[in-house]
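Subject: Structure for your files

Hello,

Here is the structure I said I would send.

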Amino acid sequence: MSTFYLGPLLFGLGLKKSMIAGMLGQFVGCLVAAYCSLMGPRSGCRQMVTARFLFGWWMVKLVAIASIVGVMGWSVINCIVGGQILNHVSEGKVPLVVSIVIIGVSSLCISVAGIRFVLRVEALLSIPVMAAFLMLYIVLASKYQYLSLADAAGESFATVKGNAFSFFAICYSTTSTWGSIASDYYILFPQDTPDIQVFTLTFLGIFLPTSFVGIIALLIGNIAMTHTPWAEAYEDLGMGGLLGAVFDPWGAGGKFLLVLIFLSLISNNILNTYLAVFGMQIIGLPLARVPRWLWSLLMTGLYLALAIIGRYKFATILGNFLPMVGYWLSIYFFLLLEENLIFRTSRFRHLYRKEFEDTDADTSELMGPAKFLFGAAGAAVGMSQTYWIGPLARKVGGEYGGDIAMWLCMGFSGVVYPALRYWELKKFGR
């Protein structure tokens, strides 16, 4: 939900453009995550373990770190939003820093309990959380007259077009992030589970709830573009303040619903912490011997510190962090797709499980980084961020360019991978 606010409030897109770019972006991201999830039943391994076969024994450690950065970045965002919500509900009596600590500690207590307990808690929280988001649609009905198709005043057509590309990339990154951990949820499924079942469960499990909250975020953000009290609430206390302003007409009942939405942030952080720990254990055997609860504690301390430091720079963190996650996932997805469709074919279903313990089956340490670097070159020329606008990104937008790096990551890595992989098979037999 925090991502979809950025369409109107950061990029200045009107309702039509932000709806099209946002919904299409997250739809494509869901397809990426759903495809990645197929590796769970096929291998019995977590997502980053199977990435060894694409990047090699050493390069996959860097990929695992990138996955950890992705889920921890979301934890930082969740803590900031949760802190804003608690601060608003308490009318400033609970300081923002204390509110951030509360959400982090609450998430930690559950994340160390194991996946079965985590999923039970998730299922229990889903009912009141879904009801609270549904109430947002209802309370918002009195402000629908403020909805506008107009883009932010003073922006040229080229700038608006580039902003639409960048917003698409951010929404794509929101859902494709699941691709780094999607198969983790299916490692206990039978190996002969139909692909269509796993793909459909994953796609709908991400697409439906993301659309449910994404659309309401686009509506709220669009209204805040022209409705001054909401714009001031967002400026003062970010997403939490804006949600509080939406629920203000319902008084104490609105604050209660805000607390339920706060629970959804704890729910997200539970999963992030749980999965980041396994990412750390993949990096090396010494790290795998560290107890999971200790890693959870260290991870929680890390993202709490980052959230406290960046608590007043929410939109900047979100706008710069999310696309970076989408870049490397685009490379990983396209390499996985080509490996499975071109080189594994009929051997694909049973190969990974048999080769798991055989490091000689991994890609060579020369080719692993090479495959990734070609995709990274695509990101460099196509990204549009505050710290760098690539030459090709400038071609599709105005003043700020337009982010097309995800497409170029896929294209650059996809073109060179078959040739590199064929040479690798001939040279190293891997």
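The notes below cover the helix contact, one glycine, the nonpolar cores and the cysteines.

This is a predicted model, in which local features need pLDDT of at least 70 and side-chain atom pairs count only at pLDDT 80 or more, while totals for chains, interfaces and linings use all residues. Residues are numbered from 1 along each chain as its sequence is written, and side-chain values use heavy atoms, with hydrogens and water left out.

Helix pair

Helices here are DSSP runs (H or I, at least four residues), numbered from the N terminus. The axes of α6 (residues 59-89) and α11 come within 7 Å and cross at roughly 45°; axes are lines fitted to C-alpha atoms over the stretch in contact, with angles from 0 to 180 degrees between N-to-C directions. That angle makes α6 oblique to α11 (under 35 degrees is roughly parallel, over 145 roughly antiparallel, 65 to 115 roughly perpendicular, the rest oblique). On the α6 side, the contact is made by V81, Q84, I85, N87 and H88. The α11 side includes L237, L243 and G244. Contact means heavy atoms within 4.5 Å.

G244

G244 lies in α11, which spans residues 228-247. Its relative accessibility is 1%, so G244 counts as buried (buried is under 20% relative accessible area, exposed over 50%, partly exposed in between; 1.4 Å probe, protein chains only). Not counting residues up to four places away in sequence, G244 touches H88 and L258. M130 is 114 residues from G244 in sequence and 17 Å from G244 in space, C-alpha to C-alpha.

Cores

A nonpolar core is a set of buried Ala, Val, Leu, Ile, Met, Phe, Trp, Tyr and Cys residues joined through side-chain atoms within 4.5 Å. The largest one has 114 residues, and M1, L136, I220 and L243 touch the most other members. Leaving aside neighbours within four places in sequence, the contacts of L136 are M1, I216, I220, L243, V246, F247 and I261. There is also a second, separate core of 5 residues, among them C30, A33, F203 and I206.

Cysteines

How many disulfides does a search of the whole structure find? The count is 0, taking a disulfide as a pair of cysteine sulfur atoms within 2.5 Å. For C36, the nearest cysteine sulfur is that of C30, 12 Å away. C36 is buried, at 0% relative accessibility. The sulfur of C171 also has C30 as its closest cysteine partner, but at 11 Å that is too far for a bond. C171 is buried as well, with a relative accessible area of 0%.

Regards

Terms used:
Helix = DSSP H or I, 4+ residues; strand = E, 2+ residues; numbered from the N terminus.
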